[in-house]
Amino acid sequence: MRVSLDWLKELVDFDWSAEELADRLTMAGLNAWVVPCELPSIEVEITSNRPDWLSVIGIGREVSALARSRLRLPEVPDLELKDGDFELEVEEDCALRYFGLRIDGVEVGPSPDWLQKRLLCCGINPVNNVVDITNYVMLLFGQPLHAFDFDRINGGLLRVRRARKGEKIETIDHKERILSPEDIVIADAVSPVALAGIIGGLSSEITPPLSGQGRGTTRILLESALFPRVPIRRTRQRLGISTEASYRFERGVDPVGVEKACYLAGDMIVRLCGGRIVGAKVYDRYDPSQKRIVSLPFSTVEELTGVKVPVKEQEEILSHLGFKVKRIGKTFDVAVPSFRFDVGIPEDLVEEVLRIYGYDKLPSDLPCIKANSLRGEFSPRERTLREIAQILQARGYFECISFSLISGKQAELLFPGERLLKVSNTISRDYTYLRPSALPGLLSSLRYNASRGVKEVKLYEISQVLSGDTLCKERLELALVSMARDMGSAYAQVRVVLQDLFKGKEKFVPKKDRRFASYAEVLVDGERVGDVGKVRKRVSQEFDLKDPVFFLRLDLEKVLKPLLGSQKRYRPLPNFPAVERDLSMWVDTSRISHQDLVEEMQRRGGEFLKEVRLIDVFRKEGRYSYAYRLRFWAEDRTLTDEEVNRFVGEIMEGLKALGVELRI
Amino acid sequence: MDWREEVKRLEKALEELRSRYPAIIPSGELEKIRTEFLGKKGPIKALFDFVKKAPAEERRELGQFANKIKRAFEEWISEKRNLLQEAEEEIPDLSLPAFLPDLGRPHIITQTIEEIVSIFEELGFALATGPEIEQEFYNFSALNIDITHPSRDAFDTFYLDLPADKEKGRYLLRSHTSPMQVRIMEAYEPPFAVVVPGRVYRPDAVDSSHSFMFHQIEGFAVDRGIKFYHLKAVLWEFARRFFDRSVELRFRPHYFPFTEPSAEVDVSCMFCKGKGCSVCKGTGWIEVLGCGMIHPKVLANIPSGSEGLTGIAFGLGVERMCMLRYGIPDIRLFYTGDVRFLRQF
């Protein structure tokens with residue numbers, strides 16, 4: 001909201017420049033800055049808890065507290081109201097207060113210069129004298145007003161009610177609105193004439209004479225009312241309209257101001273537009289006797305903030321802000337004014353005192369955090385995560401952060417048949433489903449890189465993804481991808497990570513999959529911890545990727561535990577020389593794998609076989625040759641050749657039984 | 001054979017070799033030269049053969065000359081061999097880059113989170129993490145956020161297509177990390193001081209300064225005797241370590257439903273030292289985070305009661321911190337996975 005300094009000065013004495021005023025208001029919590037305007041003016045940005053700042057009086061009150069100077073409220077004439085000679089009906093819960101004032105013999109025309117200027121400074125375009133006065137009074141009190149052309153009100157009847165399903169209204173912005181029963185309308189005997197608290201209807205708009213619509217408005221009905229916040233907000237959101245009125249009503253309007261604004265506007269209309277007040281109809285459910293009292297011990301400000309504000313100054317600040325303060329012993333009894341919906345507990349008052357006293361007077365002293373029941377709870381896990389990340393970085397993987405939401409198309413492509421969780425109010429079709437894995441994000445990142453000429457890329461992401469078991473649960477996933485020009489090196493970059501992490505304890509269970517080739521589940525200590533594979537061309541093409549892409553996904557919840565430092569154990573180092581034997585063999589890879597061979601060798605190798613290491617692989621005429629180095633040692637002596645030979649013989653027997661042709 | 005002539009010729013040949021090969025000779029060529037002169041069919045062998053056949057009176061003098069010229073050749077060759085051996089230990093061009101795979105890097109957001117968390121850990125806070133799928137209770141009501149109030153607009157939220165829970169309300173993607181205040185209060189006994197980093201979600205259209213997904217760090221401490229001014233000290237200490245030892249801090253009153261009193265925190269612009277520049281839009285100050293005393297209604301989530309306890313809380317946006325510190329102009333750069341970007345940090 002904008003306001004000129006001269007208007008504020010009518011309400012409160014201060015001698016700050018616009019810049020200084022803006023700066024002081026900002027430092028008191030009302031963000032303000034100078035705006036270029038004919039008269040020195042400022043614009044303020046209110047916080048949602050302070051609708052009272054949406055008025056010149058509200059800002060004036062703030063200035064009065066900052067300048068410790070009295071606020072002069074405008075004089076409001078006390079109108080004597082007769083019965084208005086029209087009907088008013090208010091449905092339950094549609095308004096707390098409704099004042100309707102009928103004024104006849106009004107001459108609609110332009111408003112005086114000073115009024116137009118003031119509105120322009122506040123960023124509101126002048127329309128005609130009646131409308132301008134309603135806007136002026138709204139700016140002053142924060143109370144939205146509306147004026148109807150009384151001759152357009154069918155049956156001389158105003159009914160504040162819920163809209164009927166499918167009912168329509170053309171609003172003054174020339175748009176037809178279709179209403180629903182959650183909307184509150186002002187209706188005449190026939191149809192709605194205004195959307196309560198939001199916008200007027202076109203049919204009952206105030207019109208000047210000779211406007212091409214026949215005779216102009218001469219009889220008006222001025223509305224000053226208090227509508228409930230929540231329905232206005234809902235209607236406003238559903239219909240996508242935001243007006244000065246709705247902005248104020250959905251944040252809260254001072255119930256006491258309804259009456260004052262009505263009287264002041266009525267009086268101004270009579271003075272500036274001619275006419276006479278015929279009378280009024282009033283609906284009033286407001287109980288002014290219900291007061292909120294908050295007790296604030298003198299010492300609370302210091303106890304909570306560490307700043308000692310003199311008692312007298314606390315009292316002064318609160319009084320200037322409109323609170324009624326009474327001292328009882330060493331406590332303030334603070335009555336909260338009707339326009340402050342945000343104050344209900346001592347802490348609220350502490351903030352009021354301190355923000356006017358100055359947040360800059362806060363000392364700065366580190367708290368002594370002695371005990372902390374959480375210390376160390378999460379750190380072992382975080383440290384292990386960091387170790388995993390360091391391994392990946394050492395292997396040349398870059399960490400990615402990709403969006404946790406994916407498109408329906410990606411979901412169909414990579415997670416067909418899986419039950420995914422959908423976002424109901426998505427902002428784009430590209431981001432509709434919660435992902436059960438970061439794989440689509442990583443593939444998108446590969447595309448991003450490939451299209452910029454970077455074709456050998458290794459990326460990983462550690463993120464919380466949707467858990468497959470129960471829909472609303474998450475698990476921590478490590479996903480990584482490796483893209484290279486040939487399959488072998490793309491896979492090697494993935495395979496090595498498993499070696500780094502599990503040191504040979506990883507086992508592969510090959511599976512057929514429509515999305516992935518060379519696909520296997522990864523087991524560690526018999527538990528499924530993840531999967532590994534190549535993204536099939538059919539899928540990677542959808543990401544515009546031509547080169548082979550391998551991926552690995554690990555369920556970190558399952559992986560973290562065995563990798564924790566506390567799970568590691570020392571194994572004795574050999575004191576006596578080890579005996580080494582090399583074995584090479586032809587392997588039919590369609591029947592048997594490295595992990596089968598190792599398992600067999602370990603099973604048969606006896607207690608002294610401590611290491612089986614692959615030392616060479618080559619391919620000849622479609623056959624693969626694997627060569628292994630076996631290391632035997634005992635903890636208490638040097639093994640003899642005969643002993644070792646016996647074990648090697650056992651191993652060779654086993655391998656032959658598996659159908660392996662030894663090459664020695 | 002005129003052996004004197006022959007010796008002269010050989011001396012000359014050696015001189016020529018010396019001037020032709022002032023520096024190093026490839027080992028193959030050196031071997032060829034050696035064979036040519038010192039080999040079985042070489043002139044030196046021939047010279048010695050001649051010595052053997054020479055008359056006794058000449059043989060002594062002749063032998064001396066032959067030995068001398070042979071030694072000269074041998075010395076020259078061994079000198080060249082030494083040079084070769086020494087050269088073997090030399091990398092020809094130390095400045096030539098290695099063709100080994102580059103190191104990967106953690107994402108700059110992760111690095112920033114780790115740095116910020118470790119600063120707060122040094123100040124006594126402990127790290128915790130929590131779920132991204134939340135419920136209305138934790139995201140809003142337990143934090144004193146009234147769902148019907150316009151203040152909710154600031155916390156626009158992605159809701160999930162799941163039936164609502166009777167007690168805890170609808171499922172959603174957390175719009176801030178503050179729900180962890182409530183989860184920690186439910187699960188642990190005070191006193192505690194916690195920092196919670198993580199992803200948060202708000203249905204904002206993506207542009208250079210907005211993203212529907214970003215990262216926050218929530219910090220809070222609950223104990224007896226915790227006061228508002230402690231917050232200023234903690235955050236000042238943080239700002240001095242994260243940005244620059246010389247930054248100043250400014251607290252501005254603000255409104256957050258879950259703190260009272262509340263403040264927005266500005267740091268003095270580290271680029272212009274408060275003089276005013278494009279980063280701070282001429283004000284000399286940059287808004288970096290929000291904070292306050294934990295609202296009594298939020299403290300009321302402590303099952304054993306909040307009597308006598310007070311708390312401070314703050315929340316900051318990691319992307320914003322990152323963009324400020326490294327001069328990153330567009331928030332979208334964080335999420336593309338562009339290795340040319342990732343490599344820079």
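Asp616(A) has its bridge partner in strand 30 of chain A, and that partner is Ala627(A). The model is predicted. Strand 29, residues 609–620 of chain A, is joined to strand 30, residues 623–632 of chain A, by 10 bridges. The two strands run antiparallel. They form a hairpin with two residues between the strands. Within this hairpin, Glu621(A) takes a positive phi near 45°.

Chain A comes to 19 helices and 31 strands. Its radius of gyration is 40 Å, whereas the globule rule gives 26 Å for 664 residues, so chain A is more spread out than a compact globule. The C-alpha trace of chain A spans about 125 × 65 × 45 Å along its principal axes.

Burial and contact range were also computed for chain A. Of its 664 residues, 43% are buried. Contacts within chain A were considered for residues at least 6 apart in sequence. Of these contacts, 68% join residues at least 24 apart.

Chain A also touches chain B. The contact takes 73 residues from chain A and 68 residues from chain B. On the side of chain A that touches chain B, 35 residues are nonpolar. That side also has 21 polar and 17 charged residues.

Technical notes:
Residues are numbered from 1 along each chain as its sequence is written. Chains are lettered from A and ligands numbered from 1 in the order in which they are written. This is a predicted model: local features need pLDDT of at least 70, side-chain atom pairs count only at pLDDT 80 or more; totals for chains, interfaces and linings use all residues. Two strands pair if DSSP finds at least two bridges between them. Helices (H or I, at least four residues) and strands (E, at least two) are DSSP runs, numbered from the N terminus. Two residues are in contact if their C-beta atoms, placed from the backbone, lie within 7 Å. Ala, Val, Leu, Ile, Met, Phe, Trp, Tyr, Cys and Pro count as nonpolar, Asp, Glu, Lys and Arg as charged, and the others, Gly among them, as polar. The radius of gyration is taken over C-alpha atoms; the globule rule is 2.2 Å times the number of residues to the power 0.38. A residue is buried if 20 or more other C-beta atoms lie within 10 Å of its own, exposed if 12 or fewer, and partly exposed in between; C-beta atoms are placed from the backbone.
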